[in-house]
Amino acid sequence: FRCSSSDAMAEVHACTLGLRSEVFRAGVLSPDLLNLNKQKFFYLSSKLVRSHGKLSYLKYASWLKYAKKIFGLNEHAARLYFQTFLMVHRTTFRNSSAVKPMLSVELGEFLVFLYLQQYRWMKGKGSPQRQELKFFIENLESILMLVQDPSNHKLSGTTGEKKMQIEDATLTLRRHEFTRLTFLVTAHQDQKMELDTFVSLTPFWNSKPNAAVPVDTLCKWLSDAILTKISVSKKLNLIPVSPVKVIYNRKAECLVLGKKVIRGGDVVIESCDKVSLYLLGDTRFLLIENCVGCTLQLGVCNKLLTIKNCRDVTIQAVSRRIHISDVKNSSFYVFCESRPIFMGVNDEIRIAPYNTYYPQLQEDMKRCSLDPMVPNMWNAALVFEPAESSNRGVVESKKSEVETSHKKRRLEEATSYVIREVGAKSPVISYLRPDEYFHTPFPFDMKGETATNPFPIDDPYSGANLQQRRRVLQLQETIDKSGMDESQRKRLHSFMHAKFEEWLLQSGKLQHLSNIRHFMACNQHLEPSSGRKKQQANAASGSTSSQESSKG
């Protein structure tokens, strides 16, 4: 919403300029799709601008044509960039997961978004926020050149060794052109409200709204103003800020985050080790990065779930879109309204339909306009792999500086990737075996209408669940008819229990069980009711009684 003139602040004492981190976190895709150095990018961008004429908006159908002809991207990759831009752009997001040909994007903003893809090559020390800011400042002049009106573009490029050139040394921008950076730059008054556009804080267009300001002047002002507080005294339009919750560097513990903590905003889970996490609410953007050995139940993600550089993780999620890159030995149980996307170098990935619930799941899905009866696209994933790694295993993450530099130069020369479908016989990404698919009940007491998994489960997984229950009943019947005395029954129970604990240890689920037990011990008010303790203890271990019986 926008504040009316009567509600708008007459005086804002301090506003802080910053970057919209979701554009970097969720918007920057695998470098294997668009591998261009700065000179070649501007050369191709200038060709696109000249081909497109004086139109400031780029239609989806036109982008498909230019992507193939100029950038060498096929339809799948071109669609992926277009959809992702709509996701991270706060004003053009559509609830529909399909890209309609009539959709269009602002050309200058879209070129900046494509230019930001170079951020994946940036390696440096410090927090992601520091690296994002460093990249922005170092490339600010180039970014400002991309937001010009097409009729005023003065870009020229070359594929040779010459640097990119500007045909006019006195390049200027007008207010409406500078405003195109609003999708990337924000100005917030506090943690709850932000300005509808940061350009309101600039001193250049107060008296002359149509003035042309030199780019170097804008560069200096924005470089000096970013991350600093600016005092301003004028009426400003304010809009709500999407909150961001960061979970960083946690180890061997259970975390439960409810709606009061999430508040429908963004969540970042980074550098966690052997953590069990329950997100009991809906999120906007969700990023999982550099996590090891974690079990994550992620609730409902309204826009985009991004998983990067993880290994040995188990993730259960409901999301509109899912992007996964550079992940090893992990399992994903998902409901996804659109086709899940795998990028980069992945290995030993197992994917299956969503297999759990929490009591307020359906309520959160209604809030995000997600329908459980819509087809689940979990088994229609697209894999974008680097051509050099499509026929071999995972590349070791630690390489020498020489090898990394050589790979970067080689990838910058041309776009080189392979697209394929996920299949049961895929050497890297495959469907989970039906005999390893188990329903996972929710382990805590919580008010809500959802008492079971609301999503239909397709064969062969539904049939496998039925067979598991039958095996348990047959085993119980066999034991009842065996005529064993009490001591024999105890020995059998001890044997099965020992085998089950051995399986828990081998499968990595023992750590998850220990995390939940410790969490319950520290939070006695969340202890399950007596009538549900046995069921929920099985849920805490990530298994039902059928698992114990079959594995025992």
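User: Buried means under 20% relative accessible area, exposed over 50% and partly exposed in between, with a 1.4 Å probe and protein chains only. Which residues of helix α3 (residues 60–69) are buried?
Analyst: This is a predicted model, in which local features need pLDDT of at least 70 and side-chain atom pairs count only at pLDDT 80 or more, while totals for chains, interfaces and linings use all residues. Residues are numbered from 1 along each chain as its sequence is written, and side-chain values use heavy atoms, with hydrogens and water left out. Helices (H or I, at least four residues) and strands (E, at least two) are DSSP runs numbered from the N terminus. In α3, the buried residues are Tyr60, Ser62, Trp63, Tyr66 and Ala67.

User: How many of the 9 residues of strand β20 (residues 328–336) are buried?
Analyst: Two strands pair if DSSP finds at least two bridges between them. β20 pairs in the parallel sense with β18 (residues 314–319) over 6 bridges, and Gln316 has Tyr333 of β20 as its bridge partner. β20 also pairs in the parallel sense with β22 (residues 347–353) over 6 bridges, where Lys328 stands opposite Asp347. β20 is largely enclosed by the rest of the structure, because the number of its residues that are buried is 7.

User: Which residue's side chain does Thr450 join through a polar contact of 2.9 Å?
Analyst: Thr450 sits in the loop between β25 (429–431) and α13 (461–481) and is buried, with a relative accessible area of 5%. Neighbours within four places in sequence aside, its contacts (heavy atoms within 4.5 Å) are Tyr357, Tyr358, Pro359, Gln360, Leu361 and Gln362. A polar contact is a pair of N or O atoms within 3.5 Å; within protein, one must be able to donate a hydrogen and the other to accept it, and residues adjacent in sequence count only if both atoms are side-chain atoms. The side chain joined to that of Thr450 at 2.9 Å belongs to Gln362.

User: How far apart in space are Leu513 and Ser276, C-alpha to C-alpha?
Analyst: Leu513 lies in helix α15 (residues 509–522) and is buried, with a relative accessible area of 7%. In sequence, Leu513 and Ser276 are 237 residues apart, but C-alpha to C-alpha in space they are apart by 8.8 Å.
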